Amino acid sequence: MVQKRRKKRVLGQTTPELYNRDDQKVIPAESVYGVLEVKQELDKANVGYAGEKVASVRALHRTSADITHAGGKHGPVEPKHILGGILATTSGWNPPLGDAFEASIRERPADERIDLGCCVAAGGFDVDYEETSLTIEKSAAKNALAFFFIRLLRKLQQIGTVPAIDYDAYLRGIEK
């Protein structure tokens, strides 16, 4: 007797696609964990461009609603920090992740902060922002992708689950 294997579907809170046509997907802002800009070269202009893209997403209005679970309800939570990152193959700086790179990261306004990135030819980097300072941890080029990927996973784990969407707020927006 041959048994057909059924595809398992994971049930739970998922992100609805509000629109999906011609490879253009629109999801609620509440479901965004991060914005990663991909460029050929890591340089000051592209770090600035990535920061502006991240800021435009961070500025979106995000809602939060009660989370109902088997044991009751959790109240709304504050929307989580949206990660900002940049990925590139080469660096326009010499040295690639030296002082000029660090200055470019440091000069970003708070809403344009880059949290992590990867330059395949130079190394990965992870930025830790503190109230009055920041530290940048870097990897060797040979470990760039692995460093970036593991640091990204760690940061996502620290964020946890995004807030539940307040669909009533969406309805109020379209009823006008």
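A disulfide is a pair of cysteine sulfur atoms within 2.5 Å. The legends below belong to close-up views of a predicted model.

View A. A search of the whole structure accordingly gives zero disulfides. Cys118 is buried, at 1% relative accessible area. Cys119 also counts as buried, with a relative accessibility of 0%.

**View B. Trp93 and Phe101, an edge-to-face pair.** A pair of aromatic rings is described by the distance of the centres and the angle of the planes. The structure has two aromatic pairs. In the pair of Trp93 and Phe101, the ring centres are 5.8 Å apart and the planes stand at 70 degrees, so the pair is edge-to-face; planes over 60 degrees apart count as such. Trp93 has a relative accessibility of 15% and therefore counts as buried, the limit being under 20%. Phe101 is buried as well, at 0% relative accessibility.

**View C. Phe101 and Phe125, a pair between a helix and a strand.** The centres of these two rings lie 4.8 Å apart, and with their planes at 70 degrees the pair is edge-to-face. Phe101 belongs to helix 2 (residues 99-106) and Phe125 to strand 8 (residues 123-129), so the pair ties together parts that are 24 residues apart in sequence. Phe125 is buried, its relative accessible area being 0%.

**View D. The aromatic cluster.** Trp93, Phe101 and Phe125 make up one aromatic cluster. Phe101 takes part in the pair with Trp93 and in the pair with Phe125.

**View E. A nonpolar patch on the surface.** Four residues, Leu18, Tyr19, Val26 and Tyr170, form this patch, and together they have about 330 Å² of accessible area. One of them, Tyr19, is found in strand 1 (residues 19-21). The relative accessible area of Tyr19 is 37%, so this residue is partly exposed; residues in a patch have over 30% relative accessible area.

Key: Residues numbered from 1 in each chain as written. Predicted model: local features only at pLDDT ≥ 70, side-chain atom pairs only at ≥ 80, totals over all residues. Heavy atoms only, no water. Phe/Tyr/Trp six-rings, centres within 6.5 Å; stacked < 30°, edge-to-face > 60°. Buried < 20%, exposed > 50% of the residue type's maximum accessible area, 1.4 Å probe, protein only. Helix = DSSP H or I, 4+ residues; strand = E, 2+ residues; numbered from the N terminus. Patch = residues over 30% accessible without salt bridge, like charges linked within 9 Å, V, L, I, M, F, W, Y side chains within 5 Å. Areas by Shrake-Rupley, 256 points an atom, 1.4 Å probe, with all protein chains shown as cover. Salt bridge = Lys/Arg side-chain N within 4 Å of Asp/Glu carboxyl O.
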